[in-house]
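Q: Could we go through a model together, taking each feature as a general idea and then as a case?

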Amino acid sequence: MNESEGQKLQKSLKKLEDSSPRIAKFLRWVQNPKARRYRIPIGLALIIAGVLGVLPVFGVWMIPVGVLLLALDVPFLQEPIGKLILWTLTKWQNFKSKVHV
């Protein structure tokens, strides 16, 4: 049985939520359907600000966060972002296990 792009993204966001309680509340808020009117403009603003990463307040970190917000509403971004989240979590867990050994 194939998962749809949206299901893969939701699964990866749930895994991210479970692995990082610090951002779980934020992730639950942005996934709320009522937050859609905020997600798209904030996502675009973060991407644009991330391009201005040379400024002290802005940084390249804003680009992936903005793309993540957009992926919640743009279907063709959902599968690649879901896979990227799972890949990143796997790499992070491997890194943490090597550091704590």
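Q: Which residues are linked in a network of salt bridges?
A: Keep in mind that this is a predicted model. A salt bridge is read from a side-chain nitrogen of Lys or Arg within 4 Å of a carboxyl oxygen of Asp or Glu, and here Arg36, Arg39 and Asp73 are linked in such a network. Because Arg39 lies in helix α3 and Asp73 in the loop between α4 and α5, the pair ties together parts that are 34 residues apart in sequence.

Q: Are Arg39 and Asp73 buried or exposed?
A: Buried means under 20% relative accessible area, and both Arg39 and Asp73 are buried.

Q: How do α3 and α4 cross?
A: Two packed helices are described by the angle between their axes and the distance between the axes. In this model the axes of α3 and α4 come within 7 Å and cross at roughly 160°. Angles over 145 degrees count as roughly antiparallel, and α3 and α4 are therefore roughly antiparallel to each other, with α3 passing α4 in a left-handed crossing.

Q: Which residues form the nonpolar patch on the surface?
A: The patch is formed by Ile23, Phe26, Trp29, Tyr38 and Ile42, which together have about 460 Å² of accessible area. Helices α2 and α3 each supply at least two of the patch residues, although the largest share, 3 residues, comes from α2. Phe26, which is found in helix α2, counts as partly exposed at 41% relative accessibility.

Notes: Residues numbered from 1 in each chain as written. Predicted model: local features only at pLDDT ≥ 70, side-chain atom pairs only at ≥ 80, totals over all residues. Heavy atoms only, no water. Patch = residues over 30% accessible without salt bridge, like charges linked within 9 Å, V, L, I, M, F, W, Y side chains within 5 Å. Areas by Shrake-Rupley, 256 points an atom, 1.4 Å probe, with all protein chains shown as cover. Helix = DSSP H or I, 4+ residues; strand = E, 2+ residues; numbered from the N terminus. Buried < 20%, exposed > 50% of the residue type's maximum accessible area, 1.4 Å probe, protein only. Axes fitted to C-alpha atoms, helices over the stretch in contact; angles between N-to-C directions. Parallel < 35°, antiparallel > 145°, perpendicular 65-115°, else oblique. Left-handed = near helix turned anticlockwise from the far one by under 90°.
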